[in-house]
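Hi,

Here is the structure I said I would pass on.

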Amino acid sequence: RYRFLLFEDKREVELVWNGKSREVCTAILPFQTLEHIDEPRKEGSVGASPASSSFQPDLLDMTGRQVKGWAKKLIWGDNKLILSSLKSGALRRQIEDAGGLKLIYIDPPFDVGADFSMDIEIGGETFHKEPNLLEQIAYRDTWGRGADSFISMIYERLILMKDLMHPEGSIYVHCDWRVNSYIRLAMDEIFGRDCQRNQIVWCYGGGSAPKGYYHRKHDNLFWYSKSKDAWTFNKQFRPYSEGTLERGLTAVKGDRYELNEEGATLDDWWAGKEVQKILSPTAYENLKYPTQKPEGLIHRIIKGHTNEGDLVADFFCGSGTTAAVAEKLGRKWIATDLGKFGIHTTRKRMIQVQRELKKDGKPFRSFEVLNLGRYERQAYLNVSSRLTGKKKTEALQRKEQEFRALILRAYKAEPLQDDPFFDGKHAARLVAIGPINLPVGRVFVYEVITECLKRGASRADILAFEFEMGLFPAVLAEAKAKGIDIAPKIIPPEVFDKRAVDKGQVRFSDVAYVEANPRYDAKNKLTISIELSDFSVHYSQGIADELAHGLKEGKSEVVCDAGTLYKVSKDKKGVVTRDALTKNWTDWVDYWAVDFHYESRKEIILVEKGAGITGDRSELSLIPENFEERWTGAYIFENQWQSFRTRKDRALELITASHTYDQPGRYMVAVKVIDIFGNDTMAIVPVTVG
């Protein structure tokens, strides 16, 4: 009772849980630009007049590329790190220059029984995709302690979101009966009870009625403004019901309803066909994404609380509904998600929206795909800024040694303590871990070959987060000619999670390989097209037997073995069967894209002055005072042509439209392939024209 006598301003009602804290993530990680998409698809010459584009001419260079203004952001990664980096990093200036963040809509994983599984189509058949390990880890972090861990997760992120918002901005949080009371109390604490504008009930139909309780047929939308004094609100209307229309038209004089031409004023109870839940498996909108919301619902939220040109964000974007609706309504957007498949689904969806807008002659803007990439790994090695000189160097070395030891443990390799080059040994193979912050290049592979020859060893594995493009298979062939069997392996992001390492759940994958060839035009020496001729994948090769052994009766799982995807099943008698899902290499390909001018756009980044790590490209905005430009040594993939499968059209083009260069010369063409699981691989194809 003394609490409120001693602290008069202390809240009398608050939500308390185990581990509650108002401390939030303060990491400032730069963003790695993976891809930039100016137009959904270029046909013919890249020198086409910008005047034919749907962009404003002053935003373009002579090739039709956007050179200034806001480029919309699709970001893959942990939204806690993303929010922290947006809040205090170089992109904050871009957000402010774009008018500030006017609306946030989030649909967090409030269903404790939900997971990241979904249906994926392969070679004309559908199979059920189980969540990958990174998604499983996120699920454990969110629901590992039940409501305690869920509210801890969302509480920290809501604090970061509030800081990002424009003073007159709004936030919508979507939830259901499982967590709505927790969400409301948390938002009351963070935004203030005076800032709650509405608790909206979203009603929907469908489903069979349960036994023993009433059918649960609504979710909740909590709308809070950042300020208690000012916010954007555009009044909206819904169609009158038939009964209201009839009474309004037939009532006797004096009792006649005054019907508004626009309809009835919208209230806080939303139902009807305009916001109907996606129920039909064949519905036009349905992307077979488990938590997908109807565009009509998001349309109503964005329309009500933003104006054309305003910035909207969704930090749990899933299949990209918020971004798609924002694009159609002429809003700028930021969309982020932890799941790589969700990011890929959103990318395809946004390109489709761009194509439709371009076809109708309506304006659209570019978007870019970002992640924290190598910078997240650098953050893992970060040491206290208070350390200097020798102590800082020693701390960094110790951190890197610990990280390498964790990678070896995840790979189930035995460490080699006294070896000056190799990190460990796995069975009869030597193991070398590449640089933590850089892609493994040709020089490192040659060093591995040389060290093997010195020792008389014939087999070695190279573990790396990234490999230089175009490195394989030529270098592997060179090694084989010298009697050395080199196996490059990708270190998965799950290696950061010690729980996954301890349980032996981390799977290293072989490097996928893209083969693409130029086709030269016989009549025009400046014109080429690119043919995708092969794509090989070897994810988790060699674990099929291990998986079959541990599989429970009556269960099945999908695994890749020797480049073929199999559905491994065990019946109730314990009999294991393997059914091939991929019959041809094309079955692996979900999407591929081409940049005909790769290496023409450097990844120029903004980093804090004096910082040792590199950051995101930001030439579209003024440089904040405490940041400076730096080239990462990488280039931005400019998506100029693409072909991909959709739910309704499973066909895939394997040859690009013809592309005409402005002048003779040697050019680097980049080819990007994204497989059915959302993983991408790139290859460089040198071409000479003229």
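I'll start with a hairpin: strands S24 and S25 have 5 residues between them, and there Gly574 takes a positive phi near 90°. (Helices, H or I of at least four residues, and strands, E of at least two, are DSSP runs numbered from the N terminus.) This is a predicted model, in which local features need pLDDT of at least 70 and side-chain atom pairs count only at pLDDT 80 or more, while totals for chains, interfaces and linings use all residues. Residues are numbered from 1 along each chain as its sequence is written, and side-chain values use heavy atoms, with hydrogens and water left out.

S24 (residues 564–570) pairs with S25 (residues 576–580) in the antiparallel sense over 5 bridges; pairing takes at least two bridges found by DSSP. Lys567 sits opposite Asp579 in S25. S24 is largely enclosed by the rest of the structure, because 5 of its 7 residues are buried (under 20% relative accessible area; exposed is over 50%, partly exposed in between; 1.4 Å probe, protein chains only).

Next, helix H13. Its buried residues are Phe444, Val445, Val448, Ile449, Glu451 and Cys452. Seen down the helix axis, they fall within an arc of 165°, so they line one face of H13 (the arc is that of the directions from the axis to the C-beta atoms). The face turned away from that side carries the exposed Val443 and Lys454. The cover over the buried residues includes strands S17 (429–433), S18 (459–464) and S19 (485–490), along with helix H14 (474–481). After H13 comes Gly456, with a positive phi near 75°.

What about the cysteines? A search of the whole structure finds 0 disulfides (pairs of cysteine sulfur atoms within 2.5 Å). Cys452 counts as buried at 0% relative accessibility, and Cys25 counts as buried at 15%.

Finally, the cores (sets of buried Ala, Val, Leu, Ile, Met, Phe, Trp, Tyr and Cys residues joined through side-chain atoms within 4.5 Å). The largest nonpolar core has 47 residues, of which Ile171 and Phe315 touch the most other members. Helix H5 gives the largest share of this core, 10 residues. Leaving aside neighbours within four places in sequence, Ile171 is in contact with residues including Ile104, Leu158, Met187 and Phe222 (contact means heavy atoms within 4.5 Å). Apart from this core lies another, of 43 residues, among them Tyr105, Ile298, Val369 and Ala670.

Cheers
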